[in-house]
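Hi,

Here is the structure I promised to pass on.

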Amino acid sequence: MKPQHHALAWQAPRPLWRGTTPYAAAPQILRFASDDFMAQLLAVLADNPARLGDRIARPETWRDPPMAADLDDPIARVPLPAPMKAARRGRLMRDPVAPPPPEPPQPMKLYQPAHQRYYVVAGSLACALPGLPEHVLSGGAERVHFVVRRLMPADGRPAPGAALVEYAHVQDGDAARWQKVTDGLAPGEELLPLFPLLHTDESGARRTLWGGLIPVGRREQYISRPVVTTAVSLVAGQVSALNPPPPGPVPNSTVARTTRLRMEVMEPWKALLGSAMKTAIELAKNTTGGLDAEPPAQRAGRVFEANIQFQMQSWLLILDLRKWIADHLPLLEAALVSSIAPATGTPARTAWNALEDAKIDPAVPGDAALIAAMLHPVSGAVLKPMTLSLRTALQKILPFETALETNAGQYTARTARDKVPGWPDFHFVLAGINSSRVVTGPFASIVPPAPALPVIGTALDPSGATPEQSTIITSPADTATGAPFDVQQLDRLTAVLARALPADTEATAQPIPHAMKLRDIVIKTAGDSGLFVIRMVHLNADCGPLHPPTLSSPSVQFRLASFFDPDAPVRPLTITLPSDTSPAGLRKHGRGTAFVMSDMLCGQVQRAKGLGFIDLVLQVLPWPFHKDIDIGDGGGCKGGTGLEIGMICSLSIPIITLCALILLMIMVTLFDFIFRWLPWFIACFPVPKLKAKP
């Protein structure tokens, strides 16, 4: 191994060392408020390196006046002869070093490039000898970097007054995490690049300053990383890299497969149930006598049309549930195919029974009224037989998969009355409105008034998942008192199906959604907004583990501002709208933007174009002012010969921008009823003689 002859030390930038430096022996964060920040940094180093102190980051908000350095342009805009430049530089080099800023009372925020702020961490690498001579890198084995460290308590859970330790941002393939580090580097820690900045000191000697751009724009990425509280030394990581241990067993889990069930079936089912409840409330408003009493026949027609809409969505959810069972519950799938129940006492048998219990029972008055609401509202004829259980619906749905996936139209009241082919031959609404305008369906029988099932994470769960990995809600609904149904009770069926999952490593399962991972991280970190420091690193790969990397002292503590931080500076933007907005002026703008629409989207756009504002208003008004919107049965655009056609439409961007502005003003005014934000939304200033036409 190549020995290292003497120790190294990271210091504050050398231009700030003049005399007895008041700066700590730690990297300094330089702040710039212009997009040409690199040109400004190089100009400062070329003319007067001591003025780097003016660029050190200080706490700021958009309400503060500009800093003195922002008003000074260090870039030489006018070319000067070399003797004059040298004389000017000599005068500037005699200026004193700017004093360091006072320690802020709380960690300062670093803002993003979108806020027109850029931050460069800077420091000098010196030999740890008297006089601190500059260390010059030699050979390809020597490298310099900087690392971003997060400060959190040792157990990873923020608490008032808790001692903070450093966590390293570790890259591990596509995954990344914050891992506790005790000393030196963590194995796999992300090393960010430093670049050399050459300058000349007051004696005329050439010096090298190391700088690196702080990735403030990665704030959301940093915050969303999981936290690991087990520290691993760099030496242990080096040994593991040279002699990789054999891969250990992958633990079994049901989290990914259960998450797919919730995302594809149960959460949409909850949304469908919520929509049915909202529609039922609107229909129940006109049940009293007097002017507002809606005729029973008309009200029955509206209930029928709502249920038909819910039926189309129910078919798709039943199909998705059947696909999930086919992919992850082979015993239950075999039972659905053969109509032979699984073995008694098995989780598959419990799931089989639960699917049968989720039913529409004609013996129950509310369910009988739902079956009646699905009859023809005028003739009372049975349009399609009502399947009575979710298990039977799952057995019937698979032959109609292609029809449901390829049908370009909508299942509407007219489609149901005319018995248009291409749709399933049965009805089974997962949430519907009965003739008494009460929401009911198979969900009502999923949660009988019985003891609650244990939550996922107990001994009944084959995955051994902890309770933190599950949000399955299993308390029964209070059906005896007639309390409103809680849509979260649908998770009881989720729990039954999840416990029927066989033990598996989930290597082929769909990845867990980012939102669910982020939820677990936010729960573990208690919403910590992130406190960071920076250290500069010197590596010599030839030195081996006996000479570990040289790390600097930590920089000042800081937070990374989010994109919508209320204190963030405002980047000035100018959008010049069309000045001449008369028809004569707008017709001059070219239509250079092409929108490509399929035949299906074309048909939907054409139907939307046929609606007016009055139609939308009448749709939400009660009877007798209510008027249903008829958009037909769907389908795409067709030519004169019945040929299905799409469209390529050419639009004018200036006119689109005007429409967006007007619509924005309307929506802002409308939502002011909720947010009360209008006084802080816009401020306008008069401009005399800004005329549209000469």
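Below is what turned up, starting with the cysteines.

First, the ground rules: this is a predicted model, where local features need pLDDT of at least 70 and side-chain atom pairs count only at pLDDT 80 or more, while totals for chains, interfaces and linings use all residues. Residues are numbered from 1 along each chain as its sequence is written, and side-chain values use heavy atoms, with hydrogens and water left out.

Searching the whole structure gives one disulfide (a pair of cysteine sulfur atoms within 2.5 Å). It joins Cys 602 to Cys 637, S to S 1.9 Å. Cys 602 sits in helix α17 (residues 599-609) and Cys 637 in the loop between α18 (613-620) and β18 (647-651), so the bond ties together parts that are 35 residues apart in sequence. (Helices, H or I of at least four residues, and strands, E of at least two, are DSSP runs numbered from the N terminus.) The S-S torsion is about -90 degrees, so this disulfide is left-handed. Both Cys 602 and Cys 637 are buried (under 20% relative accessible area; exposed is over 50%, partly exposed in between, with a 1.4 Å probe and protein chains only). Cys 127 is buried too, at 7%, but Cys 684 is exposed at 65%.

Now Ser 552, in the loop between β15 (550-551) and β16 (558-560). At 2% relative accessibility, Ser 552 is buried. Leaving out residues up to four places away in sequence, Ser 552 touches Trp 10, Pro 27, Arg 535 and Met 536 (heavy atoms within 4.5 Å).

Cheers
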